[in-house]
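Reader: I would like to go through this model one feature at a time. Please give the general idea before each case.

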Amino acid sequence: MQIKTMAEYLAAGENPEILFWVGCAGSFDDRAKRISKAFSEILTKCGVKFAILGQEESCTGDPARRAGNEFLFQMMAYQNIQILNGYEVKKIVTACPHCFNTLKNEYPELGGNYEVIHHTQLLQELIDQGKIKISDASEFKGKRITYHDSCYLGRANDVYEAPRAVLAALDVDLAEMGRSKKNGMCCGAGGAQMFKEEEHGAERINTNRTKEALETGAEVIIANCPFCTTMLEDGVKSFEKQNEVKVLDIVELLNASV
């Protein structure tokens with residue numbers, strides 16, 4: 001599918017309503033690209049006028065800051081802010097909680113002030129506005145599903161209800177894990193852990209978290225983050241349940257139900 005860039009909108013003398021910040025995973029990881037595609041398809045179906053930065057988008061610097069490299073973070077952030085401010089971007093949506101947290105909470109101190117929302121929040125808005133029509137024939141209707149709160153969306157930003165409102169609109173049988181919302185458990189990828197060797201311990205974090213998800217009896221595990229999706233999928237494979245239990249981003253579930 002063809003998605004316009006900010007540069008193309010500028011050349012045409014137009015402004016999009018919203019910038020879709022795709023993020024590193026959503027741009028380069030094959031699994032996460034499917035999440036980016038599903039979200040873009042939803043926005044297109046709803047008639048949302050959106051753009052991406054394309055080759056002008058780089059990493060937010062989140063992994064660098066979490067790993068302690070403040071100089072690299074600020075260098076990357078200033079470069080991104082210069083580009084975003086150059087296009088006079090006002091509103092940003094992203095499907096990555098790590099990008100969401102950095103753009104929303106850490107860019108303002110460096111001069112980057114934007115309205116930043118997570119894709120689950122925009123999906124809830126579009127459902128509430130009647131722009132997303134959920135099919136009565138959805139294969140997920142009534143299906144037992146569990147939802148994993150990502151740390152950077154949940155505990156770091158208190159976004160718990162928007163994704164659950166989307167799931168409620170899908171009329172699924174939501175089974176909460178023992179640790180959810182403020183007590184939600186990490187998938188093992190946060191804080192730049194995705195990019196380093198695991199620390200010693202008796203059990204892998206994503207295995208522990210996946211065990212909780214499987215104990216709910218859910219047929220589908222829903223995530224809201226490309227890194228969580230990868231970690232939970234690996235966890236499901238470690239239990240050899242990949243033929244019985246799907247791991248999907250919430251927008252993939254929604255896109256398959258409209």
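Author: We begin with a term: contact means heavy atoms within 4.5 Å. The model is a predicted one. In that sense of contact, Arg 31, Ala 32 and Ile 35 in helix 3 meet Pro 226, Thr 229 and Glu 233 in helix 10. By class, this contact of helix 3 with helix 10 has three nonpolar, one polar and two charged residues.

Reader: How is the geometry of such a pair read, and at what angle do helix 3 and helix 10 pack?

Author: Two packed helices are described by the angle between their axes and the distance between the axes. Helix 3 (residues 30-45) and helix 10 (residues 226-238) pack at about 130 degrees, and their axes are 10 Å apart. Angles over 145 degrees count as roughly antiparallel and 65 to 115 as roughly perpendicular. Helix 3 and helix 10 are therefore oblique to each other. Their crossing is right-handed.

Reader: What are the angle and the axis distance for helix 7 and helix 8?

Author: For helix 7 (residues 119-128) and helix 8 (residues 161-169), the angle is about 45 degrees and the axes lie 8 Å apart. That makes helix 7 oblique to helix 8. Helix 7 passes helix 8 in a left-handed crossing.

Reader: Which residues of helix 7 and helix 8 meet?

Author: An α-helix has 3.6 residues a turn, so residues three or four places apart point the same way. From helix 7, Thr 120, Gln 121, Leu 123, Gln 124 and Ile 127 take part, and they meet Ala 162, Pro 163, Ala 165, Val 166 and Ala 169 of helix 8. The residues of this contact divide into seven nonpolar, three polar and no charged.

Reader: Turning to burial, how many residues of helix 6 are buried?

Author: Buried means under 20% relative accessible area, and exposed means over 50%. Eight of the ten residues of helix 6 (residues 97-106) are buried, so helix 6 is largely enclosed by the rest of the structure. The buried residues include Pro 97, His 98, Phe 100 and Glu 106.

Reader: Is Thr 207 buried or exposed?

Author: Thr 207 belongs to helix 9 (residues 205-215). Its relative accessibility is 15%, so Thr 207 counts as buried. Leaving aside neighbours within four places in sequence, Thr 207 is in contact with Ser 238 and Phe 239. By comparison, Gln 79 is in helix 5 (residues 70-86) and, at 43% relative accessibility, counts as partly exposed.

Reader: What should I look for in the backbone, and what is phi of Glu 88?

Author: Most residues other than glycine have a negative phi, and most peptide bonds are trans. Phi of Glu 88 is near 55 degrees, a positive value in a residue other than glycine. Glu 88 sits in the loop between helix 5 and strand 3 (91-94) and is exposed, with a relative accessible area of 58%. For Glu 240, phi is also positive, near 55 degrees. Glu 240 lies in the loop between helix 10 and strand 8 (246-249) and is exposed, at 66% relative accessible area.

Reader: Finally, how does the radius of gyration of the chain fit a compact globule?

Author: With 258 residues, a compact globule would have a radius of gyration near 18 Å, and the protein chain agrees at 18 Å. The C-alpha atoms fill a box of roughly 50 × 45 × 30 Å along the principal axes. The chain has eleven helices and eight strands, and 53% of its residues count as buried. Among contacts between residues at least 6 apart in sequence, 80% join residues at least 24 apart.

Methods:
Residues are numbered from 1 along each chain as its sequence is written. This is a predicted model: local features need pLDDT of at least 70, side-chain atom pairs count only at pLDDT 80 or more; totals for chains, interfaces and linings use all residues. Side-chain values use heavy atoms; hydrogens and water are left out. Axes are lines fitted to C-alpha atoms, for helices over the stretch in contact, and angles run from 0 to 180 degrees between N-to-C directions. Helices (H or I, at least four residues) and strands (E, at least two) are DSSP runs, numbered from the N terminus. Angles under 35 degrees count as roughly parallel, over 145 as roughly antiparallel, 65 to 115 as roughly perpendicular and the rest as oblique. A crossing is left-handed if the near helix is turned anticlockwise from the far one by less than a right angle, and right-handed if clockwise. Ala, Val, Leu, Ile, Met, Phe, Trp, Tyr, Cys and Pro count as nonpolar, Asp, Glu, Lys and Arg as charged, and the others, Gly among them, as polar. The radius of gyration is taken over C-alpha atoms; the globule rule is 2.2 Å times the number of residues to the power 0.38. Buried means under 20% relative accessible area, exposed over 50%, partly exposed in between (1.4 Å probe, protein chains only).
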